[in-house]
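Visitor: Hi, I've just opened this one for the first time. Could you walk me through it?
Guide: Happy to! Let's look together.

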Amino acid sequence: MNETRYTGTWESVKQHTVPAWYEDCKFGIFIHWGIYSVPAFAPRTWELGEVDSDEQWFCNNPYAEWYYNSVNVGRGPTYEHHMNTYGREFRYEDFIPMWKAENWNPGEWAELFQKAGAQYVVLTTKHHDGFCLYPSEHTKFHAGRMGPCRDITGDLTEAVRGAGLKMGLYYSGLIDWQFANDPIFVEGENFSNACPTFEYADYSYKQMKELVDKYRPSVLWNDIGWPKQSEHAMPYLLAHYYNTVEDGVVNDRFNGLYHDFLTKEYQYGKADRTQKWEMCRGMGLSFGYNENEGDDQLISLPKLIRLLVATVADNGNLLLNIGPKADGTIPTEQVKRLLTLGRWLQVNGKGIYGTRCSKRLSEHRADGTQVYYTRKGRDLYFYIDGLKEGCNVVSLPGLHRTVTALNPALEVEQDVSENGLRLTVKNYRSDLYLLGFEAAGQE
Ligand SMILES: C[C@@H]1N[C@H](CN)[C@@H](O)[C@H](O)[C@@H]1O
């Protein structure tokens, strides 16, 4: 630890640069696991961004991890489900003894994430319900003494690092229903002012610091915002973090005052390719496990692999969420997607990991194919999507030398002329997903 590298001023903290590991890693696993994983219920309504975050959204919230508020609003599918299934007297806290994590094996999770090709993990240490997944010294409302009765954060951190992955921690900085639990109906003011007290500002600052000191996370993933009453102290917290974890990174959800990387959540939209950013989303509409989301309701494998490649091509990382069940197992439909992604990356990852943005923008072409570009030094990589089963001819006017298919099973003919490169892929199958190629020296 280098106590003095950074001091508690914005000028000092802003000298921090995004470390190479976060640029190189491209793909992480987000984990939303908590009390809400017991009821595991939300209606399947919209992706975030499809409707305004107003009463319609909060009374029909597809985020299963919002179960407490979805009951607290007093109406809507989750409220009805709770009344019909558990009854009016059943409190959210009554789910805690039902969260036993009896089948949880952190080493098996870490092995799965490694097989998926993930390079980092981000775990919720405290979500909006205020329940801590680590033995905090500042509250008794934690998993060290309730529910699973173990240091979920510490045990997973050890397993993830043992598998050679980086470990990041999520913290709900500005919503904590243990401090302020008025029902939330709209994202505006009452959303960002959910915890308006100095007591909470002091509590959250101390918890964030204890997370840094106990676990030395490679990523501090704050959510919602940061108490205005402790904004002045933020440079001290960040300086302490960077002095403790020199190659650590923080996201842009500290009231937008500072970031190493920008975040998107579901909505893709236009990416600022000049800055490092990260796309996060669940495999369905929810981050917490939702029993109403089976295989057919989760993102398709072609769409998932396309999302990873398109995100990386635009200078982003994909933080793909898993919602484990209360017993500690990961739903089979989620495991299937992770393992398929991992197998694809084993064949095609050379143009993903360790790359940077190419000057060539992603192409959505008239013939229905898409081409995504990345770069490693002077070597160009590209991925073709939208091919049909069997034989496909793809013209690439911007390339003037032959290229190498990353998948050795591909039967490819190549023709270079003044019009550029013409690729004939003779044996495309849809389970090959996007096809990767290396164009050495053709940045
Ligand atoms: C990653 C997601 N962030 C939102 C806030 N935008 C949360 O409300 C949600 O539950 C999840 O944690």
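**Around the ligand**

Visitor: Which classes of residue make up the shell around the ligand?
Guide: The shell has 6 nonpolar, 3 polar and 4 charged residues. Keep in mind that this is a predicted model.

Visitor: And which of the 13 residues around the ligand come nearest?
Guide: Those are His32, Glu65, Trp66, His128 and Asp223.

Visitor: What does Asp223 do with its polar side-chain atom? How far is that from a nitrogen atom of the ligand?
Guide: The distance there is 2.8 Å. Arg253 also has a polar side-chain atom by a ligand nitrogen, at 3.4 Å.

Visitor: How much of the ligand does the protein bury?
Guide: The protein buries 92% of the 320 Å² that the ligand exposes when taken alone.

Visitor: Switching topic: how is the chain divided?
Guide: There are two parts: domain 1 covers 10–351 and domain 2 covers 358–439. Their centres, taken over C-alpha atoms, are 36 Å apart.

Visitor: How many residues does each domain bring to the contact?
Guide: Domain 1 gives 16 residues and domain 2 gives 21. Together the two domains bury about 1,500 Å² between them, with 58% of that on carbon and sulfur atoms.

Visitor: How many salt bridges are there between domain 1 and domain 2?
Guide: The count is 2. As for polar contacts, 9 residue pairs are found across the interface of the two domains.

Visitor: Which side chain meets Glu438 in a salt bridge?
Guide: That's Lys350, with 3.3 Å from N to O.

Conventions. Residues are numbered from 1 along each chain as its sequence is written. This is a predicted model: local features need pLDDT of at least 70, side-chain atom pairs count only at pLDDT 80 or more; totals for chains, interfaces and linings use all residues. Side-chain values use heavy atoms; hydrogens and water are left out. A residue is near a molecule or strand if one of its heavy atoms lies within 4 Å of it. A polar contact is a pair of N or O atoms within 3.5 Å; within protein, one must be able to donate a hydrogen and the other to accept it, and residues adjacent in sequence count only if both atoms are side-chain atoms. Accessible areas come from the Shrake-Rupley method with a 1.4 Å probe; for residues, only the protein chains shown count as cover. Ala, Val, Leu, Ile, Met, Phe, Trp, Tyr, Cys and Pro count as nonpolar, Asp, Glu, Lys and Arg as charged, and the others, Gly among them, as polar. Domain bounds come from an automatic or database domain assignment. Contact means heavy atoms within 4.5 Å. Buried area is the accessible area (1.4 Å probe) that two parts lose on being put together, summed over both. A salt bridge is a side-chain nitrogen of Lys or Arg within 4 Å of a carboxyl oxygen of Asp or Glu.
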